[in-house]
Structure formats: C-alpha cells, structure tokens
Amino acid sequence: MADDSVTAVETSVYTIPTDAPEADGTLSWDSTTLVLVSVQAGGVTGLGYTYGPPACAHVVRDTLAAVVTGVSAMDVPAAAGAMRDAVRNMGYGGVAGYACSAVDIALWDLKARLLGLPLQALLGATRPQVEVYGSGGFVSYGPDRLRDQLAGWVDDGIGRVKIKIGEDRGRNPRRDLDRMRQARETIGEDVELFVDANGAYSAAQAVRVMAAASDLDVRWLEEPVSSDDLEGLAMVRRRVSADVAAGEYATDPHYVRRMCQAGAVDCMQADATRCGGITGWLEAAAVAGAFGLDISAHCAPHVHAQAATAVRTGRHLEWFHDHVRIERMLFDGVLDPHGGVVTPASDWPGLGLVFKAADAEEYRVG
Ligand SMILES: [Mg+2]
C-alpha cells in the first residue's frame, strides 16, 4: 500500500455575514466564522471544519500540524489521542478542542477518500438516512420572517422544527410564549415543536414557561438552564413533559457521562466540531447509549450526517439555518432535507463535500 503518512496540514478561515441579525436567549451575532482544515496524504486531501474563532486555526498551525504530520491517515485514533495530549496545558474545552475536532474530521475524510469509500461505509451504517429538524426561529426575527422560515421547513416535509426562546436572558417570557404560539399556529398540529432557551432561564422560570405553554405540545426543551447546571436541568426534567436536551458544549466522554449520570437530559446532544470530531462524537454516542439515551447531532449538519447513520441511537440532526446556508454557499455535495431526512450519497467519498474555494474567497479572513 502507498505511504499514507500525513504530509501537510493547512488552514483557512472564512467569516460569512448572516442573512439577518440572529439572536438566541443569551447571545446575538451578525456573522459566523468557519475554520477549514485540510490534511494531505498519498496525494489525497481530506477536509474538516469547525465553527469557531480564527484562533482555532492558530492552534492547528502552531501545535497540531506538527503532531499529526507523519501519522498514518489510517490511524485516526492515534492522531486524536496525540492531539489531545498536545493541548493539555491549553485546556481542551473551547478553542483547542474545536481545533482538534476540525483536524479529526479532516483525517476521517482523508482516510475514507484514500480507501475510496463514503465515510458512512467506512464507519459502518445502521441505516441509509437520518432524520433532521429545522432549526432557527431566532428571537431577533419578526413575525413574518419566523412564519416564512417555519412554513418553508414544513413545505419541505420536515416533521419537527425548533425556535429560540429565553429572549434577553429570560426577561421577556411573554414574547417567548407569543412566538411559541405563533410557531404552533404556523406549523399545525402534526409537526413537532422544539424550543431552545440557550441557558437563559432559571429552573423555576423554565417550569413556569412550559406550564403556560402546556396547550402547545412542546416536545423538546433544550438548555432551559445553563448546561453547566446539571441539577437545574434535572429539576426541570422532572417537572416538564417535553424531552430536556443539552450537550452542545460537550468536550469529551467524561462530560457526557456526568450529564447522563446526573439525570440531566432525556436526549444527549453533542457537536463533532467541538467534542473531538467524528472520533469524539462516536464516543459521546456510546456513553449516552450506555445510559439508555439517544444522541442528537448539534449544528454543522454536513459533518454529522454520515456519523449519525452509523449510530443506532442517533435520533436526528439539527438542520440549523445559519450553518445550512453557509454549507450550501461553500460546498458542493450538500444534502437535500426534503421529506425530513437526509441520505448521504453512496458514490461520493469521505464526507461527500467539495469545497468551493473560488466562491469562498470573498469571505476569507485568514
Ligand atoms: Mg442549542
């Protein structure tokens, strides 16, 4: 077999303005930054990315490139372990972990490409497709934009949609309830309504808001309180009928175990672009599965689609407006969510994505 040692690791950074101001309960933004990593071996290039600050690219260039160069692209777990060891003193959570995640994703893409397989086939699929839920409904949207976005997903046959609540750190529960009511009226009775407070409420407030929304059949309550407050999540979970979900900031299997062990969630979330790439996401799924919990993929849908099919307990992936828009702008090979599922292509190698460098150039910042 040809030499599969990694010979080059490169980065580029793109900041893309949003199509409208976006805000959730605890943050607002008007642009999103994608940090792209490419790795090469045997004349083949693999791609990975994370949504994080440009500092992620510095960690890749200054620290991780030297760690990964020379490792066989067949041995992704060896590279993942070496990267984790190398950033110990930076702290794995946050920028360093996001950087490791992007490299890990690129290495899985590279390995699959070297073998001429879709990532799904390399990992071993449990089913050909995975359910998606439409995600957006920012608190910064007016009624018309909210209605149009939700109706668009319903028209596409997507059977579950999520809006943001917890506006202004939970200071405007009346508008939260008005928007939840508008969402239910827009989507009708048969589409599942999900809400995400991004940690904006107190536990008692979250319970009160859900009680006031009891006629709206909310199925999914994400981060009603900070995901660091495991006791608060568990308290809310005992007192609402919606599934409580959290985990988008998960860093490693220990984080997942603590969240599951605390009885904090009905469904675990994890984000491969943050929790250690494809390697970390599969580990998160395994830990959650040992607690009898499903896992849902957070954001970056084209990173997760294939891994989610590889896990029997993969419940769905988040078809997040912001990232879907960017991934459609910057990549060929993006998936079609019609019917509420995505089916990774069986004839595209790796993640199935081709980066459109010329289209991306105007957004390049590093
Ligand atoms: Mg969330």
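Axes are lines fitted to C-alpha atoms, for helices over the stretch in contact, and angles run from 0 to 180 degrees between N-to-C directions. The structure described here is a predicted model, in which local features need pLDDT of at least 70, side-chain atom pairs count only at pLDDT 80 or more, and totals for chains, interfaces and linings use all residues. Residues are numbered from 1 along each chain as its sequence is written. Helices (H or I, at least four residues) and strands (E, at least two) are DSSP runs, numbered from the N terminus.

Helix H7 (residues 173-187) packs against H8 at an angle of about 40°, and their axes are 10 Å apart. That angle makes H7 oblique to H8, where angles under 35 degrees count as roughly parallel, over 145 as roughly antiparallel, 65 to 115 as roughly perpendicular and the rest as oblique. The crossing of H7 with H8 is right-handed; a crossing is given this name if the near helix is turned clockwise from the far one by less than a right angle, and is left-handed if anticlockwise. Pro 173, Asp 176 and Leu 177 of H7 make the contact with Gln 205, Val 209 and Ala 212 of H8, two residues being in contact if their C-beta atoms, placed from the backbone, lie within 7 Å. By class, this contact has four nonpolar, one polar and one charged residues. In this classification Ala, Val, Leu, Ile, Met, Phe, Trp, Tyr, Cys and Pro count as nonpolar, Asp, Glu, Lys and Arg as charged, and the others, Gly among them, as polar.

The buried residues in helix H9 (residues 230-239) are Gly 232, Leu 233, Met 235, Val 236 and Arg 237. A residue is buried if 20 or more other C-beta atoms lie within 10 Å of its own, exposed if 12 or fewer, and partly exposed in between, with C-beta atoms placed from the backbone.

Attention now turns to the sheet. Three strands make up an open sheet in the order E1-E2-E3, with antiparallel pairing. Strand E1 (6-23) and strand E3 (44-51) are at the edges with a single partner strand each, so one side of each has no neighbour in the sheet. On average, and with direction ignored, neighbouring strands of this sheet are turned by 20° against each other. Two strands are taken to pair if DSSP finds at least two bridges between them. Between E1 and strand E2 (residues 28-41) there are 13 bridges in the antiparallel sense. Val 13 is placed opposite Val 35 in E2, and Val 6 has Ala 41 of E2 as its bridge partner. The two strands E1 and E2 form a hairpin with four residues between them. E2 and E3 run antiparallel and are joined by eight bridges, with Ser 38 opposite Leu 47 in E3. E2 and E3 likewise form a hairpin, with two residues between them, and Gly 42 in the turn has a positive phi of about 55°.

H1 and helix H3 (residues 95-115) pack at an angle of about 60°, their axes lying 9 Å apart. At that angle, H1 is oblique to H3. The crossing of H1 and H3 is right-handed. On the H1 side, Ala 55, Cys 56, Val 59, Val 60, Leu 64 and Val 68 meet residues of H3 that include Val 95, Ala 96, Tyr 98 and Ala 99. The contact of H1 with H3 comprises 13 nonpolar residues, no polar and no charged.

Some individual loop residues complete the picture. Gly 350 sits in the loop between strand E13 (341-342) and strand E14 (354-355), and counts as buried because 29 C-beta neighbours lie inside 10 Å. Leaving aside residues up to four places away in sequence, Gly 350 touches Gly 46, Asp 109, Ala 112, Arg 113 and Leu 119. Asp 217 has a positive phi of about 55° although it is not a glycine. Asp 217 is found in the loop between H8 and strand E7 (218-222), and is exposed, with 12 other C-beta atoms within 10 Å. Cys 299, also not a glycine, has a positive phi of about 55°. Its loop runs between strand E10 (294-297) and helix H12 (301-309), and Cys 299 counts as buried, with 21 C-beta neighbours inside 10 Å.
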